[in-house]
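Dear colleague,

Please find below the structure that I am handing over to you.

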Amino acid sequence: MLVNNDSLGFLLCSLQWFNIFPLIPQEINLHIRAPAHQPGGSNGITLSCDVASEGDEVTWKFSGEEIDEDNPFEMKKIGPNLLLKDVGTPMLGEYTCWSRGKSMSTYLLLQAEEEEEFDYFLTCRANSYNCTFSCTWNDTKYKLVRLGLGREGGDLCSWVSSTSDKQDGKLHFELHHSLSPYSEESTMLELTAEAIGNDTFLRRIKKFYLHDIIQPDSPQIVKCQELEHYLSVTVRPPCSWSSPDSFFPLEHQVEYRLRDDGQVKCSKPSQLPKKISSLRARSRDLLVQSRWSKWSEWANVKSTNY
């Protein structure tokens with residue numbers, strides 16, 4: 001199989017529930033032409049074979065088996081090309097044309113997935129207003145996934161493959177954008193996802209503003225000071241957060257455990273009861289009310305100075 005993250009081709013043709021992908025062997029540099037629609041509105045497509053010279057003998061294979069004139073499907077050679085008529089589920093798979101002992105063109109015919117909730121299997125998060133954010137693909141039934149980022153109504157930027165192999169059944173991506181952190185967003189980001197499974201193809205588009213996916217990293221608890229009637233906790237933004245703090249203010253929340261009965265309560269960092277045994281903190285963007293960060297690790301309070 002020639003499919004991998006590097007050779008995943010552009011979507012060329014969509015016919016009702018079916019899609020065609022060209023697959024390019026890395027050792028061959030080919031010019032790709034879109035499959036042609038058939039006249040009369042029939043559900044058919046033509047796969048082109050990029051032969052070296054006109055008149056070269058061409059052999060087409062379907063899922064590794066040579067296609068002959070007596071094939072059980074509506075497949076017919078027209079010159080060097082292959083006509084697929086009345087495309088149906090049994091015809092899904094890999095098509096390859098051979099000439100002079102070499103694979104010249106390879107396509108995947110896949111069935112388009114029906115609509116489903118996009119947020120279920122793709123989640124994105126930005127830990128600051130800097131130039132990158134991350135996305136996680138949660139659906140394990142797809143073998144190949146790629147993401148492309150652009151601006152709403154604009155051109156799609158280059159495709160991005162996962163930054164690592166599957167971790168706990170998930171794929172992880174890092175994407176770059178050119179938004180200024182100091183300007184108000186006027187245009188939404190447009191994220192395109194394409195995925196290949198077993199004879200299936202999925203393409204979805206997700207639109208959002210960067211501030212919609214902001215979720216800071218866990219903050220730092222740097223000081224716990226005893227005052228006359230209460231404790232005051234100093235919480236600092238995480239190192240990954242945008243600066244200056246005055247332009248990107250964070251709201252902090254502290255969760256603490258009472259020393260006497262072990263009850264867990266929440267409060268603002270400025271006023272905590274004195275008799276606590278441990279505490280932790282989380283943060284969110286104060287201006288856009290972003291998602292809260294994850295809690296920091298529990299820290300023991302052993303004395304008046306933490």
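The model is predicted: local features need pLDDT of at least 70 and side-chain atom pairs count only at pLDDT 80 or more, while totals for chains, interfaces and linings use all residues. Residues are numbered from 1 along each chain as its sequence is written, and side-chain values use heavy atoms, with hydrogens and water left out.

The pockets

A pocket is an open set of points on a 1 Å grid over the protein atoms alone, where a 1.4 Å probe fits, with protein on both sides within 12 Å along at least five of seven lines; lining residues have an atom within 4 Å of a point. The largest pocket has a volume of about 380 Å³, a volume being the space filled by probe spheres set on the points, which are joined across faces, edges and corners. Its lining consists of 18 residues, and Arg125, Ala126, Ser134, Gln215 and Asp217 are the ones nearest the centre. By type, the lining of the largest pocket has five nonpolar, eight polar and five charged residues.

Which strands contribute to this lining? Both β11 (122-125) and β12 (132-137) supply at least two residues each, strands being DSSP runs (E, at least two residues) numbered from the N terminus. The largest share, five residues, comes from β12. The largest pocket lies between domain 2 (122-213) and domain 3 (220-300), because both give residues to its lining; the domain bounds come from an automatic or database domain assignment.

The second largest pocket holds about 310 Å³ of space. It is lined by 16 residues, and Tyr129, Pro181, Ser183, Glu184 and Val288 lie nearest its centre. Ten residues of this lining are nonpolar, three are polar and three are charged. Domain 2 (122-213) and domain 3 (220-300) each provide at least three residues of the lining of the second largest pocket.

The cysteines

How many disulfides does the structure hold? There are two disulfides, where a disulfide is a pair of cysteine sulfur atoms within 2.5 Å. With bonded cysteines counted along the chain, the pattern is 1-2, 3-4.

Cys49 lies in the loop between β4 (45-47) and β5 (59-62) and Cys97 in strand β9 (residues 93-99), so the pair ties together parts that are 48 residues apart in sequence. Cys49 is buried at 3% relative accessibility (buried means under 20% relative accessible area, exposed over 50%, partly exposed in between, with a 1.4 Å probe and protein chains only). Cys97 is also buried, at 0%.

The other disulfide joins Cys124 to Cys135, again with S to S 2.1 Å. The link of Cys124 and Cys135 is right-handed, with 100° about the S-S bond. Since Cys124 lies in strand β11 and Cys135 in strand β12, the pair ties together parts that are eleven residues apart in sequence. Cys124 is buried, with a relative accessible area of 6%, and Cys135 is buried at 1%.

Is Cys224 buried or exposed? Cys224 counts as buried, at 1% relative accessibility, whereas Cys266 is partly exposed, with a relative accessible area of 44%.

With kind regards

Terms used. Helices (H or I, at least four residues) and strands (E, at least two) are DSSP runs, numbered from the N terminus. Ala, Val, Leu, Ile, Met, Phe, Trp, Tyr, Cys and Pro count as nonpolar, Asp, Glu, Lys and Arg as charged, and the others, Gly among them, as polar.
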